[in-house]
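Subject: Structure handover

Hi,

Here is the structure you asked about. My notes follow below it.

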Amino acid sequence: MPANHLQQQLEELRKQLVEHPPENEEDRESLELLARDIELQLAAQPVTTPDASLIDGVNLAVERFEVSHPTLAGSLRNIMQTLANIGI
């Protein structure tokens with residue numbers, strides 16, 4: 001069920017992007033691409049090789065939004081933990 005949990009977390013992230021979008025269009029697009037990449041990785045289950053660039057991207061997004069959008073950063077941290085739990 002971690003995949004279902006991850007899908008719920010992605011939906012929450014998208015909801016936050018609609019309700020409280022980053023001021024910068026580039027940041028918003030970056031987060032949307034990251035969410036899409038996570039969904040693509042999720043669709044490729046079972047994962048044969050973890051995608052380190054995906055985890056790095058989520059980690060960088062957490063650092064980038066930690067001060068300006070703490071709720072969004074928290075959601076990204078949860079996503080990162082779930083990805084780790086399912087072996088991505």
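The largest nonpolar core has 20 residues, and Ile38, Leu76 and Leu83 touch the most other members. Such a core is a set of buried Ala, Val, Leu, Ile, Met, Phe, Trp, Tyr and Cys residues joined through side-chain atoms within 4.5 Å. Buried means under 20% relative accessible area, with a 1.4 Å probe and protein chains only. Helices α1 (2–19), α2, α3 (52–65) and α4 each supply at least two residues of this core. Helices here are DSSP runs (H or I, at least four residues), numbered from the N terminus.

This is a predicted model: local features need pLDDT of at least 70, side-chain atom pairs count only at pLDDT 80 or more, and totals for chains, interfaces and linings use all residues. Residues are numbered from 1 along each chain as its sequence is written, and side-chain values use heavy atoms, with hydrogens and water left out.

Ile38 is in contact (heavy atoms within 4.5 Å) with Leu6, Leu10, Leu54, Val58, Ile79 and Leu83, leaving aside neighbours within four places in sequence.

Next, the helix pair. The axes of α2 (residues 25–43) and α4 (residues 70–85), lines fitted to C-alpha atoms over the stretch in contact, come within 13 Å and cross at roughly 20 degrees. Leu31, Leu34 and Ile38 of α2 meet Leu72, Leu76, Ile79 and Leu83 of α4.

Finally, Ser75. This residue sits in α4 and is buried, at 10% relative accessible area.

Best wishes

Technical notes:
Axes fitted to C-alpha atoms, helices over the stretch in contact; angles between N-to-C directions. Buried < 20%, exposed > 50% of the residue type's maximum accessible area, 1.4 Å probe, protein only.
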